[in-house]
Every structure is written in structure tokens, then in C-alpha cells.
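The following exercises concern a single protein chain. Please study the sequence and the structure before reading each solution.

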Amino acid sequence: MSEMQSARRGRPGYDQQGILAVAVAAFNEYGYDATSIGMLAERLGLSKSAIYHHFGSKDEILDRALDSALSSLEAVVEDQPRDAGGGAAERLERVLRGAVHVLVDQLPAVTLLLRVRGNTEVERTALSRRRTFDRRITALVSAAQDEGALRDDIDASVAARLTFGMINSIVEWYRPGGREGADRLADDVVAIALDGLRKR
């Protein structure tokens, strides 16, 4: 019996992370709603039961992928406490750099996160976490404005949205292994975003 035939009989040829990676790629390619467990099984060369051995449902796969991206982004903010040194503008810069690194390191999962629309409970939970993250970024921008480090003629929430809109757009064109790595890309983001916001 060939290895592929064994896999099709339900003997897992992928671990949980391997299945997750293939599922995220399929969700990004076809859309979450249009991707069935049957499609994943065919793409993986596994039986449906082999997938269910690792995940209880398609929603659980989505939840795991979105949680991975969100937890990494949340950690970037949580790693910048007020007593970490420097003012709010310095903390904001570290958050921007960290967010770029998360996006590059977890490009498929972040791409999926940015495409959810709230059609399921899992998606609504993810969107709620994203809104909380956005509020924390806005508060950081506002604190930097209060300290006099950033110009205050631009609404803090608008500045935060525009800055992360630029970062989020990276998923549409960035290709791993290209001319710019995460460090250089983070330098570019900080230069464009913060140089335009800093008080002269």
C-alpha cells in the first residue's frame, strides 16, 4: 500500500500545525465559507476523520489560526508597559516594528484575520479582539500627543487607523524572500508613519 493510500485511510500524514497551515492557505484562496472539510481532506490527502482527529470542527481550525495572529499582535502591545523605558512615542515605534514582524512571520494567518467579516461567532470574537487592539494603539498615539512627541492636529484614532492601514496593506503585496526583510520593512514603516507625525 502506498503512503498516499495509507493517508487516505485516515492515518494522519500531517500534524496539527501542518493541517492548520494548509487550511489557512485554503481559507485565503477560496474563502472560509466556501472551504469545506472535504476540500481540506482532498488537498491534504487525508480522510475527513484524520482531520477531525486533530480538530473538532472547521470553526476550531479558524479559531486556532485567528488566535495565533491576534495573540502575537496583542503580545506586541503588552510587551510595551509604561515603565519599559522611553515615552509613548518610543513605545509606539516598538509596537509598529513588532506588528510588522508579526505580519511577516505569520503572513497567511494575518491575511486571514484581515479578511474576516463577522459571519460566525469565531469571526465576531476575532473582530472584537481586533477592536480592542485598535483602541490600545489609539491610546498610545494619544499619549504620545499628550507628551508633545507627536503632532496633535490629527485625531489619534485617524492616525492609528492610517498607520495600521499601511501596515495591513503589506499582506497584499509582500512576498517572503524578496528584497526587503522584516527589519528593513519595519524601518520603512516607521519612517513613513512616524516622521510624518512627529512634531518638528
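**Exercise 1.** At what angle do helix α2 (residues 16–30) and helix α5 (residues 58–78) pack, and how far apart are their axes?

*Solution.* The structure is a predicted model, in which local features need pLDDT of at least 70 and side-chain atom pairs count only at pLDDT 80 or more, while totals for chains, interfaces and linings use all residues. Residues are numbered from 1 along each chain as its sequence is written, and side-chain values use heavy atoms, with hydrogens and water left out.

Step 1. Helices (H or I, at least four residues) and strands (E, at least two) are DSSP runs, numbered from the N terminus. Axes are lines fitted to C-alpha atoms, for helices over the stretch in contact, and angles run from 0 to 180 degrees between N-to-C directions.

Step 2. The angle between α2 and α5 is about 95°, and their axes lie 10 Å apart.

Step 3. Angles of 65 to 115 degrees count as roughly perpendicular, under 35 as roughly parallel, over 145 as roughly antiparallel and the rest as oblique. Helices α2 and α5 are therefore roughly perpendicular to each other.

Step 4. Contact means heavy atoms within 4.5 Å. On the α2 side, Gln 16, Leu 20, Ala 23, Val 24 and Phe 27 take part, and they meet Lys 58, Ile 61, Leu 62, Arg 64 and Ala 65 of α5. By class, this contact of α2 with α5 has seven nonpolar, one polar and two charged residues. Here Ala, Val, Leu, Ile, Met, Phe, Trp, Tyr, Cys and Pro count as nonpolar, Asp, Glu, Lys and Arg as charged, and the others, Gly among them, as polar.

**Exercise 2.** Which residues touch the most other members of the largest nonpolar core?

*Solution.* Step 1. A nonpolar core is a set of buried Ala, Val, Leu, Ile, Met, Phe, Trp, Tyr and Cys residues joined through side-chain atoms within 4.5 Å. Buried means under 20% relative accessible area, exposed over 50%, and partly exposed in between (1.4 Å probe, protein chains only).

Step 2. In the largest core, of 68 residues, Leu 40 and Ile 61 touch the most other members. Helix α6 (residues 88–105) gives the largest share of this core, 10 residues.

Step 3. Leaving aside neighbours within four places in sequence, Leu 40 is in contact with Ala 23, Ala 26, Phe 27, Thr 35, Ile 51 and Ile 61.

**Exercise 3.** Is Thr 163 buried or exposed?

*Solution.* Step 1. Thr 163 lies in helix α9 (residues 156–168).

Step 2. Thr 163 is buried because its relative accessible area is 9%.

Step 3. Apart from neighbours within four places in sequence, the contacts of Thr 163 are Leu 96, Ala 193 and Leu 197. Both Ala 193 and Leu 197 are among the buried residues of α11, a helix spanning residues 182–197. The cover of the buried residues of α11 includes α6, α9 and α10 (170–173).

**Exercise 4.** What distance does helix α8 (residues 121–146) reach from its first C-alpha to its last?

*Solution.* Step 1. The expected span of a helix is 1.5 Å times one less than its number of residues.

Step 2. Helix α8 has 26 residues and reaches 37 Å, close to the 38 Å expected.

Step 3. The buried residues of α8 include Phe 133, Ile 137 and Leu 140; the buried residues of this helix pack against α5, α6, α7 (107–115) and α9. After α8 comes Gly 148, with a positive phi near 85°.

**Exercise 5.** How many helices and strands are there in the chain?

*Solution.* The chain has 11 helices and zero strands. Of its 200 residues, 45% count as buried.
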